[in-house]
Amino acid sequence: MKKRLIAGAILLVLVGIIIYSLMNPVDMAVIAEEGYESNFFSTPIALLPPVIAIVLALITKEVYSSLFLGIVTGALLYSNFNVELALNTMFFNEEGGMLYKIADTFNAGILVFLVMLGILVALMNKAGGSAAFGAWASKHIKTRIGAQVATVALGMLIFVDDYFNCLTVGSVMRPVTDTHKVSRAKLSYIIDATAAPVCIIAPISSWAAAVTSSVPDDAEINGFQTFIRTIPYNYYALLTLVMMFIIIFRRIDYGPMKKHELNAYKGDLFTTGSAGKGSDEKYEISDKGIVLDLVLPVAVLIFACIMGMVYTGGFFDGVDFVTAFADADASVGLVLGGIIAVVFTFFYYMFRDVITFNQFMECVSDGFKAMVAPILILTFAWTLSGMTNLLGAKYYVADLVAGSAAGFQSMLPAVVFLVALGLAFSTGTSWGTFGILIPIVMGVFPSGEMMLISISACLAGAVCGDHCSPISDTTIMASAGAECNHINHVSTQLPYALTCAGVSVVSYVLAGFIQNPVICLVIGVVLMVVTMLVIEKINGREPMDGGDSSDADVSKAAN
């Protein structure tokens, strides 16, 4: 009965929209020639589409329909509820339509890189490299804590790009964490927490390049120097790493994550749902696989991607390495690196005689199928972001900050952090948030320590919003890398991200008054440690390490 009422209500709304469209026709030719602006442009309503998508995703636990309804809402608002214009906007608008988002060279490059990674993972599985590495790791990594620390270490080593980080760390460490009964939700969190938070404090990364390009050319210090000096004030990124180590070593889990971890002790790594279509694919695994069959392709992939990125920045034309990385096209570089890695792996495996040519070709389709779910989610997320931009949400937020900034002064860093968090959460993009807010911040504080603190707050807030948002591409990548149900990852990570965000806000309030990078960072770390100890006191700790707890131990922890 309830389903019928919901279906009837949706049908009634659709009929009403169609009738309204017929009564208020829109001349498409006039729109094309004279320009067009929605009645909801740069208003609070412009934030409605992502809010609808996010709320529905968290309530229904179903991400595809939630994102699609958010896109439909955005298109209808942009078209002032004209169905014909809404359909054209959804699919064919040059600034936000789905077809143009897919055709965008950067986005298309990321999709191709995803497929390359899927093929590489399928090859490593079929050749027995993943199984051999898992067997080796199980002998050398004896505990759950060790498995998680090894995942963190690998994530911190792969700092050049967050997309690359998420997918590579996931494919390498899944066999290890599975062996030690670490839930896929926990693996996703570790991957996500060592992706954007590490990239945003790494001078040689695609994120450093994005921040550098967002700093105006007429700034007192250049973009790269600004980025370096903001690192000590980037509280969310630094405190996320501190928090993660405390969680791992103190065995503290809370919120939905605790349920996932306790279930993992019993052998259920997913709790609800699974990794998605293609994740449970069974491979005919070669019995000739060795550890090098996984390590060497991954090493080649890392090296090739780095070289591919600096190649696009002009490194081989005489540009210095740092400048080449700052000017690199991450999408093109990753595709080049992915192609080189797949070709190398093919010849290496053929030389080792661990797979046949036919098996290699099977891995091409298997790898593509394994990435269908993240590709679909990314496509929807990019389109939803396009709808939000067409509605001028970023201009509404920018005007809000610019209009009230003068009255805040010392409190501005905390306010900028919260605004950046909300903007990145709503749009699913960190880089877009940098581009919008950094010029505004520098307009209020053109120089000095407050400029650095406020820019850091913008970067930290963008990463935090990126972490919290179900429509963020890096959040989607982390789910794909761990082969975890996307909503499971979002719902389990959210309490952790918000905990760190709360400590970061307090730290930025203090930084606005103290304005000393060392003192403020020490205070932030102390606050983070105290917060986690309080949570441990309230919530308790997990059962003993090793993954061999009895049902009685698990039940006691759950209670």
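I began at S183 and found it buried, with a relative accessible area of 0%. Buried here stands for under 20% relative accessible area, exposed for over 50%, and partly exposed for what lies in between, with a 1.4 Å probe and protein chains only.

Before going on, I noted that this is a predicted model, in which local features need pLDDT of at least 70, side-chain atom pairs count only at pLDDT 80 or more, and totals for chains, interfaces and linings use all residues. Residues are numbered from 1 along each chain as its sequence is written, and side-chain values use heavy atoms, with hydrogens and water left out.

**Entry: around S183**

Where does S183 lie? I found S183 in the loop between helix 10 (162-179) and helix 11 (184-193). Helices (H or I, at least four residues) and strands (E, at least two) are DSSP runs, numbered from the N terminus.

Next I looked up the contacts of S183, a contact being heavy atoms within 4.5 Å. Leaving aside neighbours within four places in sequence, S183 touches R144, M257, H260, E261, A264 and L269. I checked H260 in particular: 77 residues separate S183 and H260 in sequence, yet their C-alpha atoms are 6.1 Å apart in space.

I moved on to S188, which has its place in helix 11. S188 is buried too, at a relative accessible area of 0%.

Then I looked for salt bridges, meaning a side-chain nitrogen of Lys or Arg within 4 Å of a carboxyl oxygen of Asp or Glu. How many salt bridges does a search of the whole structure find? I got 12.

One of them joins D253 and K186, whose closest N and O atoms are 3.1 Å apart. D253 sits in the loop between helix 15 (235-250) and helix 16 (256-265) while K186 sits in helix 11, so this pair ties together parts 67 residues apart in sequence. Are these two buried or exposed? D253 is buried at 2% relative accessible area, and K186 is buried at 1%.

K186 also meets E261 in a salt bridge, at 3.6 Å from N to O. This pair links distant parts of the chain, with E261 in helix 16 and K186 in helix 11, 75 residues apart. E261 is buried, with a relative accessible area of 1%, and I recall E261 from the contacts of S183.

**Entry: salt bridges elsewhere**

I picked out R352 and D293, a salt bridge with its closest N and O atoms 2.7 Å apart. R352 belongs to helix 19 (residues 330-352) and D293 to helix 17 (residues 292-312), so the bridge ties together parts 59 residues apart in sequence.

**Entry: the nonpolar core**

I looked up nonpolar cores, each a set of buried Ala, Val, Leu, Ile, Met, Phe, Trp, Tyr and Cys residues joined through side-chain atoms within 4.5 Å. In soluble globular proteins, nonpolar side chains tend to be buried together. The largest core here has 155 residues, and Y189, I200, M243, F417 and M532 touch the most other members. For Y189, beyond neighbours within four places in sequence, I listed contacts with T240, M243, M244, I247, M257, H489, Q493 and Y496.

**Entry: helix 4**

What span should helix 4 have? At 1.5 Å a residue, the 16 residues of helix 4 (residues 63-78) should span 22 Å, and its end C-alpha atoms are 23 Å apart, which agrees. The expected span is 1.5 Å times one less than the number of residues. Among the buried residues of helix 4 I noted V63, L67, G70 and Y78. N80 follows helix 4 and has a positive phi, near 55 degrees.

**Entry: cysteines and the whole chain**

I searched for disulfides (pairs of cysteine sulfur atoms within 2.5 Å) and found zero.

Last, the overall tally. I counted 29 helices and zero strands in the protein chain. Of its 559 residues, 55% count as buried. Among contacts between residues at least 6 apart in sequence, 80% join residues at least 24 apart.
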